[in-house]
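Subject: Structure handover

Hello,

Here is the structure I said I would pass on. Please open it first, then read the notes below with it on screen.

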Amino acid sequence: MQSLEQQLNNLPKTGVMIYEGESCAVSELLKKAGEIRQQNPQLRQRDIAIGYTNLAEFVTALIAFDGWCSAIYLCPPKVPTPQKELIKWPLSADVVVDNSIRKPLDPISSDVLQTTWYMATSGTTGQPKWFAHSFSSLSISTKHSQKLQALCWALLYQPFRFAGLQVVLQALLSCADLVDAADYEPLALMARLKHHKVTAISATPSLWRQLLMTGQLAETNLKHITLGGEIADQSVLAKLSRLFPKAKLRHIYASTETGVGLVVSDGLAGFPAQWLGDSSLPVVLKVSDKQHLLVKPSFHVCHSLTAQTDKQGYVDTQDTVEIKDNRVLFMGRSTGTINVGGNKVHPEKVEQVLLQCPDINQAKVYAKKSALMGALVVADITIIDNDDQQQVKQQVLKICKNQLQRFEIPTKINVVNDIAHDPSGKINRKSNGKQQHD
Amino acid sequence: MNLEQQIKQAMQQVAELSDCTLVEPIEPNTLLLECGLDSLGYAMLVAQLEEDLGFDPFTELEIDIYPSTFTEFLAIYQQCANNQ
């Protein structure tokens with residue numbers, strides 16, 4: 001098993017990272033990573049929480065610590081780290097590393113450790129859940145070739161998230177260039193893509209629709225088009241295929257929890273039904289009686305998924321699928337999680353916030369299909385005094401704006417007579433029929 | 001109220017709901033992405049117009065090219081209204 005650094009050392013050093021008006025060659029990052037390890041021998045075999053400063057420093061830390069530390073946590077800003085002893089990277093000047101908790105040192109200090117990579121995903125209660133991966137599991141689908149080496153990737157996702165890390169690793173391990181273009185508004189993003197002559201993009205279908213709305217996408221020379229993070233519908237795939245008939249068009253189904261990524265490259269929504277049960281694939285796929293997609297990867301999945309794993313080793317992804325015309329089509333999350341343009345929204349969390357409004361009796365949050373964003377968040381509420389509808393709506397919106405992220409705030413609040421519950425007293429999430437007052 | 005006025009009114013509603021400020025005035029050639037609404041705002045606008053008008057052209061029509069300007073956006077709604 002090779003570490004990220006060892007793999008990079010065996011590849012051509014042609015890649016360049018472009019970020020915040022600067023650029024840095026990958027060969028430079030490799031050098032800096034070596035210096036970090038030399039200057040910080042106390043970090044060997046420790047658990048490190050990598051905070052995000054900029055793309056080059058983030059990648060340098062990955063190169064430095066994979067194979068050197070026991071675990072690395074890729075920490076999104078403002079997300080609390082797990083309740084355990086972690087060293088925060090970059091080190092602050094006043095931090096003293098407590099050596100008393102150091103694990104026994106490996107006798108052969110040059111040995112490459114099997115570093116566990118932890119990534120956060122938003123949990124139902126708003127608390128992050130951490131899932132364990134490894135460099136080998138994360139880079140299972142990355143490739144290197146002369147053609148891939150000539151590409152210039154744009155990073156449109158945050159690199160500490162699963163989809164973003166996939167782009168970073170793909171660019172690094174194919175020796176291609178990588179332009180940090182995360183968090184730009186569509187027109188500014190378009191200008192950046194054109195300026196840097198980007199030829200490869202991975203983005204959510206919602207972001208692709210926004211790029212199509214700029215009317216300028218045809219001015220780029222895209223050779224690699226990837227869609228991921230939410231369900232790719234036939235309409236957006238067809239539009240991109242028409243605009244770039246020679247480009248490689250792929251859509252990816254990925255699950256942060258299992259670390260699984262499926263790549264579909266035939267330009268059609270979903271994936272071929274023949275893939276089900278095909279043991280020659282890196283991940284064996286099955287559909288359960290409940291119409292959930294089950295996956296059995298060739299690598300070990302995070303132990304926290306034991307409850308979702310059956311005796312044969314299949315993990316329930318909680319994604320609902322439908323088989324139609326020999327295609328397996330994704331229908332959404334069985335947990336009720338709403339995907340707004342690639343952002344996960346947990347209905348329970350939003351309901352808790354709505355219920356803080358003293359005039360609301362009951363609240364139910366669910367998805368409304370949107371051709372532009374995949375889904376939008378909608379809420380049904382019952383209120384104590386029906387004469388105050390407008391006032392309550394304004395009040396609840398104010399509470400939401402204070403406590404929720406923009407994509408989590410219900411785009412529509414319906415005042416209804418009643419909210420259906422199942423016999424156990426839980427909200428019936430299967431029926432979304434509203435019986436509106438207004 | 002004609003269709004153009006209905007769309008502009010819905011844009012105003014969505015802008016207020018999302019704490020966005022619309023540009024004044026919105027001309028036929030104003031770029032949608034420069035009107036003051038972001039992508040979530042447009043998705044909300046389409047949902048709002050579906051409630052007001054009873055149709056969603058982005059779901060019902062096979063749209064070859066996404067609208068870039070206000071005129072193109074209006075034309076898509078006009079086309080869908082004519083088909084109803």
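**Helix α8 of chain A**

Helix α8(A) is mostly covered, with nine of its nine residues buried. Before going on, please keep in mind that this is a predicted model.

The buried residues of α8(A) are Pro205(A), Ser206(A), Leu207(A), Trp208(A), Arg209(A), Gln210(A), Leu211(A), Leu212(A) and Met213(A). What covers them? From chain A, the cover includes α7, β10 (200-203), β11, α9 and β22 (374-383). Chain B takes part too, through its α2 (39-53). Just after the helix comes Gly215(A), which has a positive phi of about 75°.

**Where the two chains touch**

How many residues are in contact across the two chains? On chain A there are 20, and they meet 16 residues of chain B. Three elements of chain A each supply at least two residues of this side: α7 (186-195), α8 (205-213) and β21 (360-370). Sorted by class, the side of chain A that touches chain B has nine nonpolar, seven polar and four charged residues.

**Strands β11 and β12 of chain A**

Two of the elements in this part of chain A are strands β11 (residues 224-227) and β12, which pair in the parallel sense over four bridges. In this pairing, Ile225(A) stands opposite Leu249(A) of β12(A). To get from β11(A) to β12(A), the chain passes through helix α9 (residues 234-243) of chain A, and the β-α-β crossover made this way is right-handed.

Which residues of β12(A) are on the covered face, and which on the uncovered one? Strand β12(A) runs over residues 248-255. Its covered face holds Leu249(A), His251(A), Tyr253(A) and Ser255(A). The uncovered face holds Lys248(A), Arg250(A), Ile252(A) and Ala254(A).

**Leu11 of chain A**

Leu11(A) lies in the loop between α1 (4-9) and β1 (16-19) of chain A. Leu11(A) has 15 C-beta neighbours inside 10 Å, so it counts as partly exposed. Leaving aside neighbours within four places in sequence, Leu11(A) is in contact with His144(A) and Cys175(A). Leu172(A) is 161 residues away from Leu11(A) along the chain, yet their C-alpha atoms are separated by 9.6 Å.

**Chain B as a whole**

Chain B has four helices and zero strands, which gives the pattern α-α-α-α along the sequence. Its radius of gyration is 12 Å, close to the 12 Å that the globule rule gives for 84 residues, so chain B is as compact as a globular protein of that length. The C-alpha trace of chain B spans about 35 × 25 × 25 Å along its principal axes. Of its 84 residues, 32% count as buried. Among the contacts in chain B with a separation of 6 or more, 52% are between residues 24 or more positions apart.

**Confidence in chain A**

The average pLDDT of chain A is 88, and 90% of the residues score at least 70.

Regards

Technical notes. Residues are numbered from 1 along each chain as its sequence is written. Chains are lettered from A and ligands numbered from 1 in the order in which they are written. This is a predicted model: local features need pLDDT of at least 70, side-chain atom pairs count only at pLDDT 80 or more; totals for chains, interfaces and linings use all residues. The radius of gyration is taken over C-alpha atoms; the globule rule is 2.2 Å times the number of residues to the power 0.38. A residue is buried if 20 or more other C-beta atoms lie within 10 Å of its own, exposed if 12 or fewer, and partly exposed in between; C-beta atoms are placed from the backbone. Two residues are in contact if their C-beta atoms, placed from the backbone, lie within 7 Å. Ala, Val, Leu, Ile, Met, Phe, Trp, Tyr, Cys and Pro count as nonpolar, Asp, Glu, Lys and Arg as charged, and the others, Gly among them, as polar. pLDDT is the predictor's confidence in each residue, from 0 to 100. Two strands pair if DSSP finds at least two bridges between them. A crossover is right-handed if, with the strands pointing away from the viewer, the path from the first strand over the helix to the second runs clockwise.
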